[in-house]
Each structure stands twice: as C-alpha cells, then as structure tokens.
Amino acid sequence: MFREKNNMIPFHISNVLLTLMVSFAAHAVFTIYIIGDEFNWLLQLAILIFIILPIYILGHLAFEKYKLVYKKYTIAESGKILVLNEKYLKKKKWPSKFKNYNDFSKEK
C-alpha cells in the first residue's frame, strides 16, 4: 500500500478521520460527563481540525523526507538499479554476533 500512489489519498483521509473521531469523542466525554458543561459540537470540530491537520501534514512531510534519505537505491528510467544508498547500508548494520551467523565451516 505504501508504494502505490493511487491508494494514498484514502489512506490519509482515514488516518485524519480516525484521529479526529478519537479526539472528538474523548473531549466530548470529558466535557459532558466529567466536567458537566455543555458541549459545542461545531466549535470543537473546527478547533480539532485546525490542530490535527497541521500536525498530520508536518508528520507526513517528515516521513517522506525520511523515506527519501534512507531509500535503498536509485532507479534509472530503464528500471535498472543505479546506485545503492550508503546511508541505508550504514543504517542496516547487523550486530557483531551475527557476523559469522551462516558460516558452517566451524564445527560446534
């Protein structure tokens, strides 16, 4: 799903709606049942949208930058791999105990 561009819009809409529903319900429960005040639905919906959307957009942009920096390789127009990304290779180092993990030459 992350590699398909046409499925991204429903994914983002569902993320924002889920976050909005949870925060809206939590605020409604606290306001009505715990504090005992009247709950203004439209005002609270507008406030939550103005809080959620900028945070979600900034998080999405940060994740896209992370994916761009740490992508595995660069692809040419012909579909061949041009260069392996050194930052990705440095990030994926295995612990030293796995250095000879598949070496069957040693008898145990």
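Q: In this predicted model, what makes Phe24 count as buried or exposed?
A: Phe24 has a relative accessibility of 18%. Buried means under 20%, so Phe24 counts as buried.

Q: And how do you know which class Trp41 belongs to?
A: Look at its value again: Trp41 has 49% relative accessibility. Exposed would need over 50%, and buried under 20%, so Trp41 counts as partly exposed.

Q: Why is the pair of Phe24 and Trp41 called tilted?
A: The ring centres are 5.4 Å apart, and rings pair if their centres lie within 6.5 Å. The planes stand at 45°. Stacked needs under 30 degrees and edge-to-face over 60, so this pair is tilted. The structure holds one aromatic pair.

Q: What makes this a link between distant parts of the chain?
A: Phe24 sits in helix H1 (residues 8-35) and Trp41 in helix H2 (residues 41-69), 17 residues apart.

Q: Why are H1 and H2 called oblique to each other?
A: Their axes cross at roughly 135°. Roughly antiparallel needs over 145 degrees, and roughly perpendicular runs from 65 to 115, so the two helices are oblique. The crossing is right-handed.

Q: What kinds of residues make up the contact of H1 with H2?
A: Ten are nonpolar, seven are polar and none is charged. Among them are Phe24 and His27 in H1, and Trp41 and Gln44 in H2.

Technical notes: Residues numbered from 1 in each chain as written. Predicted model: local features only at pLDDT ≥ 70, side-chain atom pairs only at ≥ 80, totals over all residues. Heavy atoms only, no water. Phe/Tyr/Trp six-rings, centres within 6.5 Å; stacked < 30°, edge-to-face > 60°. Helix = DSSP H or I, 4+ residues; strand = E, 2+ residues; numbered from the N terminus. Buried < 20%, exposed > 50% of the residue type's maximum accessible area, 1.4 Å probe, protein only. Axes fitted to C-alpha atoms, helices over the stretch in contact; angles between N-to-C directions. Parallel < 35°, antiparallel > 145°, perpendicular 65-115°, else oblique. Left-handed = near helix turned anticlockwise from the far one by under 90°. Contact = heavy atoms within 4.5 Å. Nonpolar A, V, L, I, M, F, W, Y, C, P; charged D, E, K, R; others polar.
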